[in-house]
Amino acid sequence: MTTFALIHGAWGTGWHWGTVPGELQRLGHEVVAPDLPCEDPTATFDDYAGVILAALEDGRGDDVVVVGYSLGGHTAALVAARRPVRALVYLAALVPEPGVSLNEQFAWGENMLLPDYTAGIENTGALSRWVDFDVYHCVGCHDCPEPVARERFARSRGQCRALYRKPCSLTAVPDVPTRFILCSEDRLMNNALLEPAVRERVDSDPVELAASHSPMASRPVELARLLSATGRS
């Protein structure tokens, strides 16, 4: 039985995976989807990875698929480097560079995020958070019904930005089968820049899903089936 470790993105919680955990369970898998300490100004990606590793410390073997969504891609790679896993899956994710911080990646021109989202974000102290629902709905989950989008917006959290300055502690790309799921209707990730980077850093072409940046909300059944299939090595 495969265990899927689902890692949420910036401003998120485990709840934001919606019905995907249940769909994966119906396909015969186990799931862990813990909340990360994204509002803790001292937490690093290594601390985030520690939360996932702790959730997997109950006798599970190496039949684990780690799924990193959006900002969760950095955490997923660290988990895959630190315990046996069967596969690493990036979902509409930022792909880390060993020894390089996110801010450095962006400074090198790797701005994988489209700029429209910034109009809906407020930076207060160490945290950024969503404050404009219309921007959130348009950019993050335009293919979701408004009530679904409103609940996701209401449950979003602050995201500490300090960890963007920390160099990625990976010394090498995890040596595990790796896949990338690209959301073809994404209005947050810059797919035109993302696709070449994926082909350079991931050992397969991206798998496309016709969805916004929130496929777990708009296409949960399709996403669960794709994860189940993509996770097979």
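This section describes the cavities, pockets and selected local features of a predicted model.

A search of the whole structure returns 4 cavities of 30 Å³ or more. The largest cavity has a volume of about 70 Å³. Its lining comprises 11 residues, and those closest to the centre are Leu94, Val95, Gln105, Met112 and Arg201. Two elements, α4 (102-107) and α7 (191-201), each give two or more residues to this lining. The greatest contribution to the lining of the largest cavity comes from α7, with 4 residues. By class, the lining of the largest cavity consists of 8 nonpolar, 1 polar and 2 charged residues.

The second largest cavity holds about 50 Å³ of space. Its lining is formed by Thr44, Phe45, Asp46 and Leu78, together with Lys166, Pro167, Cys168 and Ser169. These lining residues divide into 4 nonpolar, 2 polar and 2 charged.

Open pockets were considered next. The largest pocket contains about 500 Å³ of space. A total of 31 residues line the largest pocket, and Ala10, Trp11, Ser70, Trp130 and Leu188 lie nearest its centre. At least two lining residues are supplied by each of α4, β5 (121-124), β6 (127-130) and α5 (133-140). The lining of the largest pocket is made up of 16 nonpolar, 13 polar and 2 charged residues.

For the second largest pocket, the volume is about 150 Å³. The residues that line the second largest pocket are Trp15, Gly18, Thr19, Val148, Glu151, Arg152, Met216, Ala217 and Pro220. Among the elements, α6 (146-154) and α8 (215-218) give two or more residues to this lining. Helix α6 gives the most, with 3 residues. The lining of the second largest pocket divides by class into 5 nonpolar, 2 polar and 2 charged residues.

Helix α5 is mostly covered, with 6 of its 8 residues buried. The buried positions are Phe133, Val135, Tyr136, His137, Val139 and Gly140. The cover over these buried residues includes β6 and α6. At the start of α5, the backbone nitrogen of Asp134 is approached to within 3.0 Å by a side-chain oxygen of Asp132.

Strand β6 belongs to an open sheet of 3 strands, with the order β5-β6-β7 and antiparallel pairing. The edges of this sheet are formed by β5 and β7 (159-160), each of which pairs on one side only. The antiparallel pairing of β6 with β7 extends over 2 bridges. Within this part of the sheet, Leu127 has Cys160 of β7 as its bridge partner.

Two individual residues illustrate contrasting surroundings. Thr75 is located in helix α3 (residues 72-82). With a relative accessible area of 0%, Thr75 falls under the 20% limit and is therefore classed as buried. Apart from neighbours within four places in sequence, the contacts of Thr75 are with Ile7, Leu36, Phe45, Tyr48, Ala49 and Ile52. Of these contact residues, Phe45 is also found in the lining of the second largest cavity.

Asp63, by comparison, lies in the loop between α2 (45-55) and β3 (64-69). Its relative accessibility is 25%, a value between the limits of 20% and 50%, so Asp63 counts as partly exposed. When residues up to four places away in sequence are not counted, Asp63 touches Met1, Thr2, Thr3 and Arg86. The side chains of Asp63 and Arg86 are joined by a polar contact of 2.6 Å. Asp63 and Phe180 are separated by 117 residues in sequence and, from C-alpha to C-alpha, by 19 Å in space.

Methods
Residues are numbered from 1 along each chain as its sequence is written. This is a predicted model: local features need pLDDT of at least 70, side-chain atom pairs count only at pLDDT 80 or more; totals for chains, interfaces and linings use all residues. Side-chain values use heavy atoms; hydrogens and water are left out. On a 1 Å grid over the protein atoms alone, a cavity is a set of points where a 1.4 Å probe fits but cannot get out, and a pocket is an open set with protein on both sides within 12 Å along at least five of seven lines; lining residues have an atom within 4 Å of a point. Grid points are joined across faces, edges and corners, and a volume is the space filled by probe spheres set on the points. Ala, Val, Leu, Ile, Met, Phe, Trp, Tyr, Cys and Pro count as nonpolar, Asp, Glu, Lys and Arg as charged, and the others, Gly among them, as polar. Buried means under 20% relative accessible area, exposed over 50%, partly exposed in between (1.4 Å probe, protein chains only). Contact means heavy atoms within 4.5 Å. A polar contact is a pair of N or O atoms within 3.5 Å; within protein, one must be able to donate a hydrogen and the other to accept it, and residues adjacent in sequence count only if both atoms are side-chain atoms. Two strands pair if DSSP finds at least two bridges between them.
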